[in-house]
Amino acid sequence: PQQKFRKDYAPPPYTISTVHLNFILGEETTTVTSRLHVLPNYGLLEEGAARPALQLDGRKDVKLVRVAVAGNELAAGQYMVTEKQLTLNNLPPGEFEVEVVTELRPQDNSTLEGLYKSSGNFCTQCEAEGFRGITFFLDRPDIMAKYTTRIEADEANYPVLLGNGNLKESGKLEGGRHYAVWEDPFPKPCYLFALVAGKLSMKERSFTTCSGREVALRIFVQENNLGKVDHALESLIKSMKWDEETFGLEYDLDLFNIVAVDDFNMGAMENKSLNIFNSRLVLASPETATDLDYSRIEGVVGHEYFHNWTGNRVTCRDWFQLTLKEGLTVFRDQEFTADMNSRAVKRIEDVMMLRSSQFTEDAGPMSHPIRPESYIKMDNFYTLTVYEKGAEVVRLYDTLLGKEGFRKGMDLYFKRHDGHAVTCDDFLAAMADANNVNLDTLGRWYSQAGTPNLHVSTLYDAASKTYTLTCKQNTPPSAGQDIKLPVLIPIKLGLLGPDGADVPLRLRGPDGSVTDLGTTGVLRFEEAESTFTFEGVEVEPVPSLLRGFSAPVKMHVEGQTDEQLLFLLAHDSDPFNRWEAGQRLARKLLLKLYAAAAAGGGADNAKDVGERCAAAGGVPDAFVGAYRAVLGDETLDGSFKAMAVSLPTGNELMDAIEGADPPLLHHVRMYVVKQLALQLRPELEALVAANDDKPGEPYHFTAAACAHRAIKNRCLAMLSSLEEPEITQMLLNRFKDATNMTDEIAALSCLVELAGPDRDVALASFYDKFKDEPLVLLKWLGLQATSNAPGNVALVKSLVDHPAFNVTNPNNCYSLFLGFGRSPVNFHAADGSGYAFMGDAVLRVDTINHQVAARMVSAFTTWRQYDKERQAMMRSQLERIVSHPGLSENVFEIASKSLK
Ligand code: BAL
Ligand code: ZN
């Protein structure tokens with residue numbers, strides 16, 4: 001397969017100004033007629049030079065029926081068509097029309113890219129390169145054209161016909177057919193094209209924009225789901241209002257449609273005015289969706305809506321620039337969620353995910369800069385690095401420039417680039433120019449892969465009352481990048497005095513002048529090494545560094561003691577750093593116990609591992625005391641507390657362990673949880689009682705109600721680790737009596753970790769209750785797949801044949817296979833059975849859906865992190881996959897790069 005390189009970008013020799021599409025949708029064959037107005041873009045030609053060819057992208061399942069140029073049908077021999085391209089030569093000078101007629105079989109399209117069918121309805125997915133699965137086209141984001149779409153279909157089977165933009169015309173045709181014509185006034189790249197035709201029911205609300213325009217907001221779903229769309233509609237209204245208030249961005253059409261489909265590779269897609277969503281990110285009711293689902297729906301509805309400006313009005317010049325729209329839009333949705341709920345909780349959740357998954361990606365063989373330099377399949381680069389690290393890089397501007405400066409930069413970005421396809425450099429330039437600052441060292445974040453290390457050492461000089469921080473940075477080498485330059489790291493910090501309060505920050509400049517930074521300041525650190533000195537510091541302070549996680553780095557603070565961390569955990573005015581102090585303490589403890597347990601042997605069973613941990617000192621009283629203090633702190637909300645008493649994830653810890661044994665690490669973590677539960681039992685039980693639902697209280701998705709459920713369920717999970725019959729019975733009762741899915745699944749997830757009949761009974765009754773709710777069955781599959789109950793590989797294997805499981809549906813594969821890949825005990829079973837199961841599954845799914853299979857193969861990418869035996873077994877699965885005949889380019893790229 002061929003790699004594409006960023007350095008090879010060249011403007012296209014032709015552009016397209018208008019696209020007229022006519023879809024004749026059929027049960028057997030769908031015919032698409034595409035009329036393009038093509039403009040030359042090749043500039044002046046040298047004398048005698050031929051005009052360049054027009055090369056339109058295609059796909060092997062797109063059958064070319066007819067092609068005409070300037071009204072003349074081309075005969076065979078006057079064009080060239082391959083599986084991937086239609087080439088037109090001898091083109092007329094100036095502007096001309098091209099008409100292409102293609103035939104498709106959407107009902108057979110299991111890739112879910114281009115035009116396909118889901119639950120009997122037609123729908124599309126064109127990002128990144130799916131439009132070429134509909135018709136031959138210049139399928140690249142820098143071709144921005146105005147689209148008119150006519151859709152024709154049988155009226156009884158497909159009563160709803162939707163396209164981008166405004167409905168211009170509709171009517172009945174002979175033979176029970178009907179049609180609709182949609183016109184989108186905004187130029188757009190083809191990846192934002194969308195079409196939906198089917199039997200759908202709709203719920204509508206209205207939004208009045210800041211300039212007084214009425215916008216109809218409609219959500220289309222299958223009729224039986226109409227009762228589950230209110231939360232998504234409410235979230236859309238909140239998003240529209242937030243974007244007006246925060247960035248002055250108003251919606252630009254009179255209609256905004258969302259359609260929910262069950263078969264969808266991604267979470268959702270921001271097609272112009274016709275968002276298509278994976279149904280799990282639209283549908284919610286208290287009985288079927290958890291607080292986390294509600295929160296994700298709010299965030300993703302916001303994310304797709306925010307793309308209307310950051311992505312659609314201003315889009316990417318080429319796919320290497322994906323983070324331009326995705327990093328920025330993730331940052332915007334993070335801020336939206338923070339404003340709607342708790343800022344601290346949102347920040348902690350995002351950093352947990354970044355550390356446990358993106359840092360791993362950045363340290364492994366698939367490591368790439370947020371703006372990648374090359375790809376085989378662009379679909380493989382919708383990564384945590386491009387999205388989440390990309391959002392962290394956008395946050396760097398916000399931290400450095402402040403809210404006002406960031407807004408000035410955004411305003412200039414839209415003023416300069418509205419209606420255009422641009423680059424990350426253009427974004428940086430708008431931010432720098434609007435604020436008159438040099439951001440060159442920030443620009444390095446776009447081109448360097450890997451997580452930078454930040455080393456900080458501190459020195460207090462009592463005589464001069466100065467406090468000096470010496471900061472050093474380095475970024476480890478990664479594939480193709482041996483040498484890394486220093487990047488701009490904004491270090492947001494405070495200094496805590498002996499009473500725990502922040503002391504004033506008086507920063508000494510190189511010329512001896514002093515700048516007053518208040519009590520939380522931002523240091524601009526952009527050299528390999530720099531020192532920062534604060535004056536007037538009466539007593540040696542405890543530093544609170546990288547407040548709010550002000551840069552996506554791994555920070556090492558020289559000489560940081562447990563006492564300092566306990567002090568920060570108790571007093572830091574920055575809630576993120578309070579949580580962070582607890583995480584650092586837990587991390588130190590877990591790594592120490594892991595080392596001791598590993599020295600004593602493998603992970604044969606939890607009991608032995610526990611004994612080895614106990615012999616190594618167990619969980620110290622000070623640690624238990626710190627958790628007790630957090631649990632008892634009346635000033636902290638329940639969601640924060642729940643996260644503060646959660647241990648760092650296994651993935652995050654694995655980063656720091658050479659040759660890790662995942663089941664052993666799991667048992668060490670569980671040992672610590674159990675010790676905490678033993679010693680904090682009264683506190684945990686009291687919190688469960690204090691945060692329980694009041695009888696008859698209806699479910700509400702509010703920050704306060706979620707906080708009660710979060711801490712209650714966290715405490716229950718800790719208590720369940722005790723595996724006492726009385727507690728198990730309490731969990732069974734709670735599972736039976738739960739009045740909302742958050743509590744029901746929380747109890748079930750505890751029961752699923754236990755071996756024995758209670759587990760089976762609970763799972764069977766859950767299945768019985770929800771067998772007609774496909775989204776709830778995803779949870780049922782996921783819980784069993786992820787379970788660390790010993791010997792669970794056999795159960796997961798049997799689930800593949802369960803009637804509830806459908807291998808052609810991406811959500812099913814994500815729940816079962818990706819869920820299984822997250823189980824440290826069973827995916828990493830010492831006999832390799834988990835790896836073999838996953839290898840088989842990758843190859844099977846690859847015959848159906850390449851994108852889903854490529855995501856699954858990522859479970860093997862981290863193979864170098866583990867012990868020698870596991871490395872060998874994982875590697876051999878990767879080798880088997882790479883050498884498999886007929887492998888897709890998607891899977892080939894991930895598997896082959898993982899082996900490098
Ligand atoms: N653009 C793909 C889906 C999303 O990031 O919104
Ligand atoms: Zn996005």
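What spacing do the donors of the zinc ion (ligand 2) follow along the chain? The spacing is H-x3-H-x18-E. The protein donors (N, O and S atoms within 2.8 Å of the metal, or 3.2 Å for Na, K and Ca; water is not among the atoms, so sites may look incomplete) are His 303 through NE2, His 307 through NE2 and Glu 326 through OE, at 1.9 to 2.0 Å from the zinc ion. His 303 belongs to helix α2 and Glu 326 to helix α3, so the pair ties together parts 23 residues apart in sequence. Helices (H or I, at least four residues) and strands (E, at least two) are DSSP runs, numbered from the N terminus. Both His 303 and Glu 326 are buried, meaning under 20% relative accessible area with a 1.4 Å probe and protein chains only.

This is a predicted model, in which local features need pLDDT of at least 70, side-chain atom pairs count only at pLDDT 80 or more, and totals for chains, interfaces and linings use all residues. Residues are numbered from 1 along each chain as written, chains are lettered from A and ligands numbered from 1 in the order written, and side-chain values use heavy atoms, without hydrogens and water.

Now to ligand 1. A polar side-chain atom of His 307, also a zinc donor, lies 3.3 Å from an oxygen atom of ligand 1. For Tyr 387, a polar side-chain atom lies 2.5 Å from an oxygen atom of ligand 1. Ligand 1 taken alone exposes 220 Å², and the protein buries 95% of that (Shrake-Rupley method, 1.4 Å probe).

Technical notes:
Polar contact = N/O pair within 3.5 Å; in protein donor to acceptor, adjacent residues only side chain to side chain. Buried < 20%, exposed > 50% of the residue type's maximum accessible area, 1.4 Å probe, protein only.
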